[in-house]
Amino acid sequence: MRQPSDRDPTQDDIAMMSPNLLWGLLETADRLGAPSDDWFAGTGLSRAQVSDPGVRLPDRPTAVVIERALRVLPASIGLDIGHAQHIGNFGLLGLAMTTAPTFGDALQIGLRFTPVVGSLMRFVESASEPGTLALAGRMTLTYPAIHRFVCEEFFSSCLALARGLVGERLRPLRVEFSYPAPPYESRYRDVFDCPLAFAQPQDRLVLDAQWLAAPLPTHNPIASRQVLALCEAQMPQGPLPGEVTAAVERLLRAQLAQDPKLAGIAAQLHVSERTLRRQLTGEGTSFHEIHDRLRIDRAYALLRERQPTIAAVGAAVGYKDPRDFRRAFKRLTGETPRALRERFLSGRGLGIGD
């Protein structure tokens, strides 16, 4: 089977990517004297396009360029680029967020209009324990070779943006990553300044929900209406990458306890099972993969609490028989629900930087 990086990068893709990320990689290469002449070969892209802030680039050729850049740049380049960002780097979206009345309102603007800034990852709300807000990072395309870099750059730049809105005192409750800790994990502590956990079910940033009510001193209702209209006008037309996946996620998340099936979700989306299966395959995933991920996501959130029994946690994610839940959880995570709860309650589930 062909790997993601083997796919023809010149095939049609929706042009949504901002050139800012590639510009940052090129600027770093020039500063370090690292070679970059061959990064664009065969992609249909050019260095001249990266210098034009008005250009939007197709995602997969952009991913090819990033993969090549990572071969010659420092391993922590994603964290370095993201940590250096500020509100101005987010352009129109950053401006729109500054005009919101509260941080929670600004966050909803960011979630709604992420395509305006152009990124290979976006945040979606994830299951979380009471009093918290969890945001999970979702790649807009399947490209494992650059996943860690994209996650590092996206999470660190979004945190820099959040701190630009409400101040440096903002500190996540924790940040979780789906991959093992890299050799430069100390750099993560410097950038995120909060508890970190690696080899988790997904990439997530968890905040105290009290931050949502924090007022923004830059709130301007008149400017807000104007700039939101501009954001709306710049939103891409037609379906966005991952849109079907997001729709399935929304329906599944609301019905986990009922153990919904593919046929039922397809009916709610007014498509056939075959069509939905094909659409999800085109977005690099499957119904069962999404269902399993959301079940584990919700189970993780519930297991952090002391009250629900293991059986109750299993029932909340659609397992009528606790034994089926234990077997499935062990298969998907490598440990039992009870072992994970004991780690969480003992404080060992947070990983480094506790």
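Reply: Start with overall size. A compact globule of 354 residues would have a radius of gyration near 20 Å, and the protein chain, at 21 Å, agrees with that. That radius is taken over C-alpha atoms, and the globule rule is 2.2 Å times the number of residues to the power 0.38. This is a predicted model, in which local features need pLDDT of at least 70 and side-chain atom pairs count only at pLDDT 80 or more, while totals for chains, interfaces and linings use all residues. Residues are numbered from 1 along each chain as its sequence is written, and side-chain values use heavy atoms, with hydrogens and water left out.

The C-alpha trace spans about 60 × 50 × 45 Å along its principal axes. The chain has 17 helices and seven strands. Of the 354 residues, 51% count as buried. Buried means under 20% relative accessible area, exposed means over 50%, and partly exposed lies in between (1.4 Å probe, protein chains only). Take contacts between residues at least 6 apart in sequence: 71% of them join residues at least 24 apart. A contact means heavy atoms within 4.5 Å.

Five strands form an open sheet in the order 3-4-7-5-6, and the pairing is mixed. Two strands pair if DSSP finds at least two bridges between them. Strand 3 and strand 6 (196–197) stand at the edges with a single partner strand each, so one side of each has no neighbour in the sheet.

On one side, strand 4 (residues 132–139) runs antiparallel to strand 7, joined by five bridges. L135 stands opposite L205 there. L133 has L207 as its bridge partner. Strand 5 (residues 174–176) is also antiparallel to strand 7, with three bridges between them. E176 and R204 are bridge partners in this pairing.

The structure holds 15 aromatic pairs. Rings of Phe, Tyr and Trp (its six-membered ring) pair if their centres lie within 6.5 Å; planes under 30 degrees apart count as stacked, over 60 as edge-to-face, and the rest as tilted. F123 and F155 are edge-to-face, because their ring centres are 5.1 Å apart and their planes stand at 70°. This pair links distant parts of the chain: F123 is in strand 3 (residues 121–126), F155 is in helix 8 (residues 147–166), and 32 residues separate them. Both F123 and F155 are buried. They also belong to a cluster linked by ring pairs, together with F154, F177, Y179, Y184, Y188, F192 and F198.

Next, the later part of the chain. An unreviewed UniProt entry carries the annotation "domain: HTH araC/xylS-type" for residues 246–343. UniProt positions follow the numbering used here, feature names are shortened, and annotations may be inferred rather than shown by experiment. Over residues 246–343 the chain is 71% helix and 0% strand, with its end C-alpha atoms 31 Å apart.

R295 is in helix 14 (residues 287–303). It counts as buried because its relative accessible area is 9%. Beyond its neighbours within four places in sequence, R295 contacts L256, D259, V317, G318 and Y319. R295 also lies over the face of Y319, 4.0 Å from the ring centre. A charge sits over a ring if NZ of Lys or CZ of Arg is within 6 Å of the ring centre and within 35 degrees of the ring normal. R112 does likewise over F113, at 4.8 Å from the ring centre.

Y319 is buried too, at 14% relative accessibility. F325, at 2%, also counts as buried.

Last, helix 17 (residues 337–346) holds A339. A339 is partly exposed, at 28% relative accessible area. Its C-alpha atom is 9.9 Å from that of L303, 36 residues away along the chain.

How values were computed. Helix = DSSP H or I, 4+ residues; strand = E, 2+ residues; numbered from the N terminus.
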